[in-house]
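Morning, everyone. I'll take you through one protein chain today, a few residues at a time. Please have a look at the slide.

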Amino acid sequence: MGVKHGRDYEGILTDLTEAIGRIPDRYVFFEMDEEEWSRLGVTEQLEVDEALAEDLFYALGEEAVIPVGSGVVIHDKDQHRIHILIGEEELTFVPLI
């Protein structure tokens with residue numbers, strides 16, 4: 001189902017892909033290890049990040065908080081944002097409207 005949004009989906013997906021790229025061990029979400037990740041080329045890593053962003057967008061419609069490696073992705077329905085954090089530190093957020 002995904003999260004409710006007012007912005008263009010493609011724009012949200014682009015921003016979310018970039019945002020989750022800031023989580024250094026995001027590959028753990030796909031049960032990859034650091035060695036497997038490092039063997040991927042830059043283009044392949046971007047494809048994995050895009051797939052992760054899509055998965056998260058739809059999953060956040062059901063689960064408000066999803067761990068991704070050492071980070072966490074949170075859907076804030078009240079502020080219409082997706083927050084990306086590591087620990088207590090917010091790395092960035094993606095506006096949905």
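Is H80 buried, partly exposed or exposed? Hold that thought for a second. One caution comes before the answer: this is a predicted model. Now, H80. Its relative accessibility is 35%, so H80 counts as partly exposed. Partly exposed is the band between the two cut-offs: under 20% is buried, and over 50% is exposed. Where does H80 sit? It lies in the loop between β2 and β3, and β3 covers residues 81-86. Look at its backbone too. H80 has a positive phi of about 55°, although it is not a glycine.

E31 also has a positive phi. For E31 the value is near 60°, and E31 is a residue other than glycine. You'll find E31 in the loop between α1 and α2, where α2 is 34-39. How open is E31? It has a relative accessible area of 75%, so it is exposed.

On to the helices. In general, two packed helices are described by the angle between their axes and the distance between the axes. Here the pair is α1, residues 9-20, and α3, residues 42-59. They pack at an angle of about 115°. Their axes are 8 Å apart. The crossing of α1 past α3 is right-handed. Which residues make the contact? From α1 we have Y9, I12, L13, L16, T17 and I20. From α3 the list includes L46, L52, A53, L56 and F57, and also D49, E50 and E54. Sort that contact by class and you get eleven nonpolar residues, one polar and three charged.

At 69% relative accessibility, V42 is exposed. Take V42 and V65: they are 23 residues apart in sequence, and their C-alpha atoms are 28 Å apart in space. But Q45 has 17% relative accessibility, so it counts as buried. What does Q45 touch, once residues up to four places away in sequence are set aside? The answer is W37, S38 and L40.

Now strand β2, residues 71-76. G71 is part of this strand. Its relative accessible area is 6%, so G71 is buried. G71 and I20 are 51 residues apart in sequence, yet 8.7 Å apart in space, C-alpha to C-alpha. Remember I20: it was one of the α1 residues in the helix contact. Leaving aside neighbours within four places in sequence, G71 is in contact with I23, L85 and I86.

With a relative accessible area of 18%, V72 is buried. That is under the 20% cut-off. Which residues does V72 touch, again not counting those up to four places away? They are V65, I66, P67, H83, I84 and L85. There is also a distance to note. V72 and G87 are 15 residues apart along the chain, and their C-alpha atoms are separated by 7.9 Å.

Last stop, the largest pocket. It holds about 180 Å³ of space. How many residues line it? Eleven, and G2, V3, K4, H75 and K77 lie nearest its centre. By class, the lining has four nonpolar, five polar and two charged residues.

That's my tour. Thanks, and over to you for questions.

Terms used:
Residues are numbered from 1 along each chain as its sequence is written. This is a predicted model: local features need pLDDT of at least 70, side-chain atom pairs count only at pLDDT 80 or more; totals for chains, interfaces and linings use all residues. Side-chain values use heavy atoms; hydrogens and water are left out. Axes are lines fitted to C-alpha atoms, for helices over the stretch in contact, and angles run from 0 to 180 degrees between N-to-C directions. Helices (H or I, at least four residues) and strands (E, at least two) are DSSP runs, numbered from the N terminus. A crossing is left-handed if the near helix is turned anticlockwise from the far one by less than a right angle, and right-handed if clockwise. Contact means heavy atoms within 4.5 Å. Ala, Val, Leu, Ile, Met, Phe, Trp, Tyr, Cys and Pro count as nonpolar, Asp, Glu, Lys and Arg as charged, and the others, Gly among them, as polar. On a 1 Å grid over the protein atoms alone, a cavity is a set of points where a 1.4 Å probe fits but cannot get out, and a pocket is an open set with protein on both sides within 12 Å along at least five of seven lines; lining residues have an atom within 4 Å of a point. Grid points are joined across faces, edges and corners, and a volume is the space filled by probe spheres set on the points. Buried means under 20% relative accessible area, exposed over 50%, partly exposed in between (1.4 Å probe, protein chains only).
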